[in-house]
Every structure is written in structure tokens, then in C-alpha cells.
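Biologist: Could you take me through one part of this model at close range? I would like to start from a single side chain and then see what surrounds it.

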Amino acid sequence: MWVSLFSFVNIAAIVAWVILILLPRKELLLTVVLYLGIGMLCLVYAVGLVGILTGWLDPVGPADAGVDFTTLEGVQSIFASQGGTTVGWTHYLAFDLFVGLWIARDADQKGVGRLWQAPVLLATFIAGPVGLLVWLLARERWRGPRTSESPLRQFRR
């Protein structure tokens with residue numbers, strides 16, 4: 001079961017990334033990435049996480065004293081099973097794809113060409129936080145003029 005699910009989430013993520021990087025940015029396609037890509041991955045993650053933490057889907061569960069998100073050993077114990085690894089991997093896939101979608105929409109809004117976006121999106125696909133960091137640094141180039149009104153003004157009172 002876990003091997004099949006692992007393959008399924010990988011294929012779903014790759015299809016969503018291909019849409020995001022290579023296909024035209026039509027609203028329908030971005031909606032497919034959001035709901036059929038990210039949303040589905042989040043659903044798989046949520047069901048898998050509950051199943052693992054309750055012991056319903058995998059032997060790692062509350063009966064195992066090693067299930068503890070506050071220690072390295074506890075997190076390692078969750079990833080010690082096929083189910084834990086598949087669910088953890090699904091978490092990475094969902095979040096990296098969400099970040100990729102945000103980068104793509106942000107870049108489109110700023111008028112950044114697709115050839116500039118592609119390497120950043122590819123870096124996000126391969127090494128999530130690295131791609132995000134690259135975009136956070138690069139997006140300042142396309143930021144546009146700053147206004148005198150800060151959007152954070154309301155929080156400074």
C-alpha cells in the first residue's frame with residue numbers, strides 16, 4: 001500500500017510541477033495545481049498523519065513511546081516505517097508545490113519572464129527552501145518603487 005501511495009503522490013506532484021513550469025499560466029491550470037495538486041496532497045497527508053498517530057494505518061502510533069515531535073529520536077521513529085516516510089514525503093511535496101505556486105503567481109504579477117522563473121521553480125521543486133530563498137532575494141529586483149505608505153503601518157501603533 002505505502003509503495004503505491006508513494007508512487008502516486010510523486011507522480012501527482014511531478015504532473016503539477018510540469019503544469020506550473022512548462023504550461024501556459026491559465027487560471028484553470030493554476031486552479032488544477034492548487035486543488036488537484038496541493039489540495040489532494042494535503043488530504044493524503046492529513047489522512048495518513050491521523051492514521052499513523054492513531055495506529056490505524058501503520059504500526060507507529062501512540063502505543064509506541066517514540067512518537068514525539070519534540071525530539072530528534074521521536075521524529076526519526078515516525079520516519080522509520082514506510083507509512084511514516086510516505087506521509088512525511090507527502091508533506092514536503094505539498095508545501096514545496098504550494099511555495100512554487102506562490103512564487104509563480106508572485107513572479108507573474110511582477111512581470112518576471114518564464115525563463116527567469118523556471119530555474120527558481122526547479123530549485124523549489126528539488127530543494128524547497130533553497131528555491132524560496134533564491135526567489136525572496138531575487139524578487140526585490142522586480143519589486144517596483146516603494147510607496148511612502150508602509151503596509152505594516154497598521155501594526156506599528
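Biologist: With which side chain does the side chain of Arg25 make a polar contact, and at what distance?

Modeller: Happy to look at that with you. One thing to keep in mind is that this is a predicted model, where local features need pLDDT of at least 70 and side-chain atom pairs count only at pLDDT 80 or more, while totals for chains, interfaces and linings use all residues. Residues are numbered from 1 along each chain as its sequence is written, and side-chain values use heavy atoms, with hydrogens and water left out.

The partner is Asp108: its side chain and that of Arg25 make a polar contact at 2.8 Å. A polar contact is a pair of N or O atoms within 3.5 Å; within protein, one must be able to donate a hydrogen and the other to accept it, and residues adjacent in sequence count only if both atoms are side-chain atoms. A polar atom of the Arg25 side chain also lies 2.9 Å from the backbone oxygen of Leu20.

Where does Arg25 sit? Its place is the loop between α1 (2-22) and α2 (27-54). Helices are DSSP runs of H or I with at least four residues, and strands are runs of E with at least two, numbered from the N terminus. Setting aside neighbours within four places in sequence, Arg25 is in contact with Leu20, Leu30, Ala104, Asp108, Arg114, Gln117 and Leu121, where contact means heavy atoms within 4.5 Å.

Now step back to the whole protein. It has 5 helices and 0 strands, and the order from the N terminus is α-α-α-α-α. Of the contacts with a separation of 6 or more, 61% are between residues 24 or more positions apart.

Ile78 counts as buried because its relative accessible area is 8%, whereas Phe98 is partly exposed at 46%. Phe79, also placed in helix α3 (residues 72-79), is partly exposed at 34%. Across the protein, buried residues make up 34% of the 157 residues.

Key: Buried means under 20% relative accessible area, exposed over 50%, partly exposed in between (1.4 Å probe, protein chains only).
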